[in-house]
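This report goes through a protein model with DNA, topic by topic. The sequence and structure come first, and the text follows.

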Amino acid sequence: MLVLEKDEMVQNFIAQQNDLKEHISLQNNFLENQISLVAGLDIAYWHKNNKEYGACCIQVFDFRSKNLIEQVSYINEITVPYISGFLAFRELPLILEAVKKLKTQPSLYMFDGNGYLHKRHMGIATHASFYLKKPTIGVAKTYYKIENIDFTMPENIAGAFTDIVIDGEVFGRTLRSRKNVKPIFVSCGNWIDLDTATNITMHFIDKDSRLPIPVRYADLATHQARKLHQDDV
DNA sequence: GCGACAG
DNA sequence: ATCTTGTCGC
């Protein structure tokens, strides 16, 4: 891809995100006791015949029992390159096709990546919410640095957190989901507040991972889907 | 030229 | 994200 083309593409991406960001809401548009199904979502990649492919997996869990209710996957060629800050444009096409295959209707979606914790407040969790039309939460495994601001390490206690504040505004939260693990980075996607997003994330933490169950299992599912696809041919 | 860089 | 085995520690 030519440098000039990429630059034009990025300008287009920024324009799209600036339109959408005007409609972000950091308030719950639901009652916490109304949450029934929570979806986790992830994508794995591989190369074949000089092309790049991706497998998007969605795992739907019952909020109270934490039982797996439904799982779907969708595999297709990936056409948009990875550009830091524009993850949604790369992953959204697969995500939307996978969502079409769902028979259940999740109350909210949890993403592997940021939401409001983004230089334009438009990480994939926030960006995707406008297409899913459901509340979303962003859960990132590594810190996405904004304006050279570092995060403050929270105490080594399960549930401890520090907020990531830039120019007086809370962008997201560094959360120690379990004792003796690296923290994760939780941020609002849309139509949810940060405390609720944190509570839901902690609700889905078990002894096996620092990541919440829906995101963790979606990640495992994408690896399995990739392996099946590769063994197939 | 060098370092940064969610997934 | 992906390429990759064993190994140290709870």
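A polar contact is a pair of N or O atoms within 3.5 Å; within protein, one atom must be able to donate a hydrogen and the other to accept it, and residues adjacent in sequence count only if both atoms are side-chain atoms. The model is predicted, so local features need pLDDT of at least 70 and side-chain atom pairs pLDDT 80 or more, while totals for chains, interfaces and linings use all residues. Residues are numbered from 1 along each chain as its sequence is written, chains are lettered from A and ligands numbered from 1 in the order in which they are written, and side-chain values use heavy atoms, with hydrogens and water left out.

**DNA strand C**

In the side chain of arginine 226, an N or O atom is 2.3 Å from a phosphate oxygen of DNA strand C. A residue is near a strand if one of its heavy atoms lies within 4 Å of it. By that rule, the residues around DNA strand C are Ala44, Tyr45, Lys141, His223 and Arg226. Strand E1 (37–48) and helix H5 (213–232) are the elements that give two or more residues to this surface. Helices (H or I, at least four residues) and strands (E, at least two) are DSSP runs, numbered from the N terminus. By class, the surface has two nonpolar, one polar and two charged residues. Here Ala, Val, Leu, Ile, Met, Phe, Trp, Tyr, Cys and Pro count as nonpolar, Asp, Glu, Lys and Arg as charged, and the others, Gly among them, as polar.

**Salt bridges**

A salt bridge is a side-chain nitrogen of Lys or Arg within 4 Å of a carboxyl oxygen of Asp or Glu. The structure holds nine salt bridges, and the table gives some of them.

| Pair | Closest N to O distance |
|---|---|
| Lysine 51 and glutamate 77 | 3.9 Å |
| Arginine 173 and aspartate 163 | 2.7 Å |

Buried means under 20% relative accessible area, exposed over 50%, and partly exposed in between (1.4 Å probe, protein chains only). Arginine 173 is buried at 6%, whereas aspartate 163 is partly exposed at 32%.

Arginine 216 and aspartate 219 both lie in helix H5, three residues apart, about one turn of the helix. An α-helix has 3.6 residues a turn, so residues three or four places apart point the same way. Arginine 216 has 29% relative accessibility and counts as partly exposed; aspartate 219, at 16%, counts as buried. Elsewhere, salt bridges that share partners join Asp163, Arg173 and Asp195 into one network.

**Helix H3**

Why is helix H3 largely enclosed by the rest of the structure? Eight of the nine residues of this helix (residues 124–132) are buried, so the rest of the structure largely encloses H3. Among the buried residues are Ile124, His127, Phe130 and Leu132. Lysine 133 follows H3 and has a positive phi, near 60 degrees.
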